[in-house]
Amino acid sequence: MGASFSALFIDQDGVSSSSPCLGDLPESCVASIIQHLDPPEICKLAKLNRAFSAASWADFVWESKLPPNYHILVHKILGFVPQNLGKRDIYTRLCRPNTFDGGTKKVWLHKSTGGVCMSISSKGLQITGIDDRRYWNHIPTNESRFHSIAYLRQIWWFEVNGEVEFPFPVGTYSVFFRLQLGRAWGFGRGICDPEQVHGWDIKPVRFQLWTSGDKHSTWECSLSEAGKWFHYHVGDFNVENPSSSTKIKLSMSQIDCTHTKGGLCLDSVVICPSAFRERLEHKGFLKCTKPCCRMLHSI
């Protein structure tokens, strides 16, 4: 709808129409129209003329794009509720990757949909053996939002746990571990050494998710394809009450001590609206889907 609407006012050469009626539209009328568009389209149309520019700042336009519990989100993320900011400014601030919990978590709104997304760094997870450099190392890299990943050299007991409590808006969310087989090297994007990759083809990795209300799901999935970052699906959860925080716990483990496993990069845990799963799958970034995995149980 947004693309079709903007096409009415922009010709094929990208030059705005010279129609004398366009600039005469009342701001309230323009605002009522553009509130039905996606945020990027609103910003695009704001460049047409003064009426569209002024209408693009109307609070009711952007309040319809913000999550219903945005006041709670602003207080949680920014630590204060800005008094003099308009709704467009608040939306812009929330779309930035906002860091909290000592720099171990980032949360942002998806610019087009307003969906809440979160990333938890490897340093915000409980990793067995992380303090022993014989097993794990922290590697600086530009392939992570946090500019650092955890690299597993070799270990017998592989286990990673995490938890988060956050006021997610109403909706269904998916949880992923972002992993890569093969060592990532420094700040060279796409440079990977698969030499130390071993042990992951013997037994699958178990992914578990616990959410509020004692709901629990377990997946088993084999790690594969060295040299590329994948999102391994842990599970989904629903939020019905946006006024209270939702608490989730998650884990990833392979604790069969008959063999070692190594050569794994752990970047982060990603939480996003479940609708984004299709985008990840379309881009080839999604793992733990049929037929490479199996769900053991869901309660």
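In this briefing, contact means heavy atoms within 4.5 Å. The model described here is predicted. The protein chain contains eight helices and 17 strands, and 48% of its 299 residues are buried. Among contacts between residues at least 6 apart in sequence, 71% join residues at least 24 apart. The accessible surface of the chain is about 15,100 Å², and carbon and sulfur atoms account for 51% of that area.

**Nonpolar cores**

- In soluble globular proteins, nonpolar side chains tend to be buried together.
- The largest nonpolar core in this model comprises 63 residues. Phe158, Phe166, Phe177, Phe207, Leu266 and Ile271 have the most contacts inside this core.
- Both domain 1 (25-62) and domain 2 (99-285) contribute at least three residues each to this core.
- Another core, of eight residues, lies apart from the largest one, and its members include Trp108, Phe176, Cys272 and Phe276.
- Leaving aside residues up to four places away in sequence, Ile271 touches Val116, Cys117, Met118, Val164, Phe168, Tyr173, Ser174, Val175, Phe237 and Ile248.

- Leu250 belongs to strand 14 (residues 246-254). Leu250 is buried, because its relative accessible area is 2% and the limit for a buried residue is under 20%.
- With residues up to four places away in sequence left out, the contacts of Leu250 are Val160, Asn161, Gly162, Val175, Phe177, Gln208, Leu209, Trp210, Val234 and Val269.

- An α-helix has 3.6 residues a turn, so residues three or four places apart point the same way.
- Helix 2 (residues 27-34) has Val30, Ala31 and Ile34 as buried residues. Viewed down the helix axis, the buried residues of helix 2 fall within an arc of 100° and therefore line one face of the helix. Helix 3, helix 4 (50-55) and helix 5 are included in what covers the buried residues of helix 2.
- In helix 6, the buried residues are Tyr70, Leu73, Val74 and Ile77. These residues of helix 6 also fall within an arc of 100° when seen down the axis, so they line one face of the helix.
- Packing against the buried residues of helix 6 are helix 5, helix 7, strand 1, strand 2, strand 3 (116-121) and strand 7 (158-166).
- Helix 7 (residues 87-95) buries Lys87, Arg88, Ile90, Tyr91, Leu94 and Cys95. Because the buried residues of helix 7 fall within an arc of 160° seen down the axis, they line one face of the helix.
- Helix 3 (39-45), helix 5 (59-63), helix 6 (70-78), strand 1 (98-100) and strand 2 (105-109) pack against the buried residues of helix 7.

**Cysteines**

- The structure holds zero disulfides. Cys117 is in no disulfide, and the nearest cysteine sulfur, which belongs to Cys272, lies 5.5 Å away. A disulfide would require a pair of cysteine sulfur atoms within 2.5 Å.
- Cys117 counts as buried, with a relative accessibility of 4%. Cys117 is also one of the residues that Ile271 touches.
- Cys221 is likewise buried, at a relative accessible area of 0%.

**Loops and positive phi values**

- Ala275 is located in the loop between strand 15 (264-273) and helix 8 (277-282). Ala275 is exposed, because its relative accessible area is 57% and the limit for an exposed residue is over 50%.
- Ala275 and Thr172 are 103 residues apart in sequence, while their C-alpha atoms are 8.2 Å apart in space.
- His147 is not a glycine but has a positive phi of about 60°. The residue His147 lies in the loop between strand 5 (136-140) and strand 6 (148-152).
- Glu225, a residue other than glycine, has a positive phi near 65°. The loop that holds Glu225 runs between strand 12 (215-221) and strand 13 (230-239). Glu225 is partly exposed, with a relative accessible area of 48%.

Notes. Residues numbered from 1 in each chain as written. Predicted model: local features only at pLDDT ≥ 70, side-chain atom pairs only at ≥ 80, totals over all residues. Heavy atoms only, no water. Core = buried A, V, L, I, M, F, W, Y, C linked by side-chain atoms within 4.5 Å. Buried < 20%, exposed > 50% of the residue type's maximum accessible area, 1.4 Å probe, protein only. Domains from an automatic or database assignment. Helix = DSSP H or I, 4+ residues; strand = E, 2+ residues; numbered from the N terminus. Areas by Shrake-Rupley, 256 points an atom, 1.4 Å probe, with all protein chains shown as cover. Arc of directions from axis to C-beta.
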